[in-house]
Amino acid sequence: MNPASRGKTMETLRLTSYMSDLESTVKLMYQLVREIYAIESDGGELSRIHEIAEALERRPNLTALPQVLLKAYGEITGALGGIRLSRETIQVHAVDRIRRTHAKLAEVSSATESATTELLNGLDRALGIIDRLEQHGNGDALRLDDGRTAHQAIRDEVNGLFNVLQFQDITSQQLNAVNDLLVDVEQRLVAVALLFDPAVGEDAPMPILLLPDPGAGSKSYDQAASTTGADMRQALADAVMAETSRRGHLSLVSA
Amino acid sequence: MKCLVVDDSPTMRRIVVNALKSIGYVETLEAGDGHEALARCDGSVGLIITDWNMPNMGGLDLVKNLRAKPETSTTPILMVTTRSVREDILTAVQAGVSNYIVKPFTPQVLKEKIDAMLAGAAAAAA
């Protein structure tokens, strides 16, 4: 145990001792009042009052109590200052960083979508050019080893590129899921910061910039969307479809 | 045959429409959510391809609504989604989907599923 924490433990023990003294003092004061009432009504014993008074005198700690309370007040005020700093640290470093990350992800999503649209436009134009070349009959002479005409081979390549662009839809769903997660983390951090210092939060509430999607009840993305393992996942889908058609889907669903 | 493609992502709609064209389905309609799809869906639509996660009305509710309408109660519906948990697939089947594709998909898989659905629909009608 380091000296600082040992000192705090000693302070805590002393404070506990003061509190115990205070409690017993209050009890003695209560007994004293009762004895005085008894003397007043039916002539109680004065000796009992002396005993109580002596017991009260044996509580020298009570004179130190105001100093202890003042010291505790000072320490609590200092701790609150530290907590206020923690709240500001959370706001400045954590929440602001989350917001910047959110903005970056939105930029990535938008840039990817724009680029994909441009690529699709280019591929559409390429298919149009292939159509025109085919109409002019310029490609029939050239055949590849697999028997396809050059036009068909280029068309297959372009169609393959179309297909590759599915990544944009999937990564967009993944980015949406990450963005929702960031919103959730930010809201939790703000809640924690306000727990630290609720009074400050009431005066100047920390604004939550990343408002949740209003359509959050019907999310337009799959948080488990993935570009990998498509063959395996399709095989599972095929197996389930085959199973349902074999056994009747209603019994499987309710099982 | 007219195909209705429902997805809130314009990119995905274009990819699915292109994939459909590459396998011979050139007549397509598009919708961005379930409500729009219901408004566009009439007796002339022979195949519906829908995403699951969409704003306003998602794919699952769309499928239930389509199955409740006499003109689309038996129309083949293909769910194309990233969701691939067994429980999700069973839920989609219970709602009334005819087949299920996990994104990202290939045009070959799309063709296989459409062929299977249309064959099943033809057998049921015969």
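**Entry 1. Terms and basis**

I began with pairing: two strands pair if DSSP finds at least two bridges between them. I took helices (H or I, at least four residues) and strands (E, at least two) as DSSP runs, numbered from the N terminus. The model is predicted, so I noted its limits: local features need pLDDT of at least 70, side-chain atom pairs count only at pLDDT 80 or more, and totals for chains, interfaces and linings use all residues. Residues are numbered from 1 along each chain as its sequence is written, and chains are lettered from A and ligands numbered from 1 in the order in which they are written.

**Entry 2. The two chains**

I looked up the secondary structure of chain B and found five helices and five strands. Along the sequence, chain B reads β-α-β-α-β-α-β-α-β-α. Chain A has eight helices and zero strands, and its pattern is α-α-α-α-α-α-α-α.

I then checked burial, where a residue is buried if 20 or more other C-beta atoms lie within 10 Å of its own, exposed if 12 or fewer, and partly exposed in between, with C-beta atoms placed from the backbone. In chain B, 54% of the 126 residues count as buried. In chain A, 12% of the 255 residues do.

For contacts I required C-beta atoms, placed from the backbone, within 7 Å. Among contacts in chain B between residues at least 6 apart in sequence, 58% join residues at least 24 apart. In chain A, residues 24 or more positions apart account for 72% of the contacts with a separation of 6 or more.

**Entry 3. Dimensions of chain B**

The C-alpha trace of chain B spans about 35 × 30 × 30 Å along its principal axes. I compared the radius of gyration, taken over C-alpha atoms, with the globule rule of 2.2 Å times the number of residues to the power 0.38. A compact globule of 126 residues would have a value near 14 Å, and the 13 Å of chain B agrees with that.

**Entry 4. The sheet of chain B**

In what order do the strands of the open sheet stand? I read E2-E1-E3-E4-E5 for the five strands of chain B, with parallel pairing. Strand E2 (28-31) and E5 of chain B are at the edges with a single partner strand each, so one side of each has no neighbour in the sheet. On average, neighbouring strands are turned by 20 degrees against each other, direction ignored; the axes are lines fitted to C-alpha atoms, for helices over the stretch in contact, and angles run from 0 to 180 degrees between N-to-C directions.

**Entry 5. Strand E4 of chain B**

E3(B) and strand E4 (residues 77-81) of chain B run parallel and are joined by three bridges. B:Ile48 has B:Ile77 as its bridge partner in E4(B), and B:Ile49 has B:Leu78. With E5(B), E4(B) pairs in the parallel sense over four bridges; there B:Leu78 stands opposite B:Asn99.

Is E4(B) mostly covered or uncovered? I found it mostly covered, as five of its five residues are buried. B:Ile77, B:Met79 and B:Thr81 point one way, and B:Leu78 and B:Val80 the other way. In general, side chains in a regular strand alternate between the two faces of the sheet.

I checked handedness, which is right-handed if, with the strands pointing away from the viewer, the path from the first strand over the helix to the second runs clockwise. The β-α-β crossover from E3(B) through H3(B) to E4(B) is right-handed. E4(B), H4(B) and E5(B) also form a right-handed β-α-β unit.

**Entry 6. Two backbone features**

Most residues other than glycine have a negative phi, and most peptide bonds are trans. B:Asn56, however, has a positive phi, near 65 degrees. B:Asn56 lies in the loop between strand E3 (45-50) and helix H3 (59-68) of chain B. With 14 other C-beta atoms within 10 Å, B:Asn56 is partly exposed.

I also noted a cis peptide bond joining B:Lys103 and B:Pro104, with omega about -5 degrees. B:Pro104 is in the loop between strand E5 (99-102) and helix H5 (107-125) of chain B.

**Entry 7. Where the chains touch**

The contact takes 30 residues from chain B and 35 residues from chain A. On the chain B side, the elements that give two or more residues are helix H1 (10-22), helix H4 (86-95), E5 and H5. H1(B) gives the largest share, seven residues.

How values were computed
Contact = placed C-beta atoms within 7 Å.
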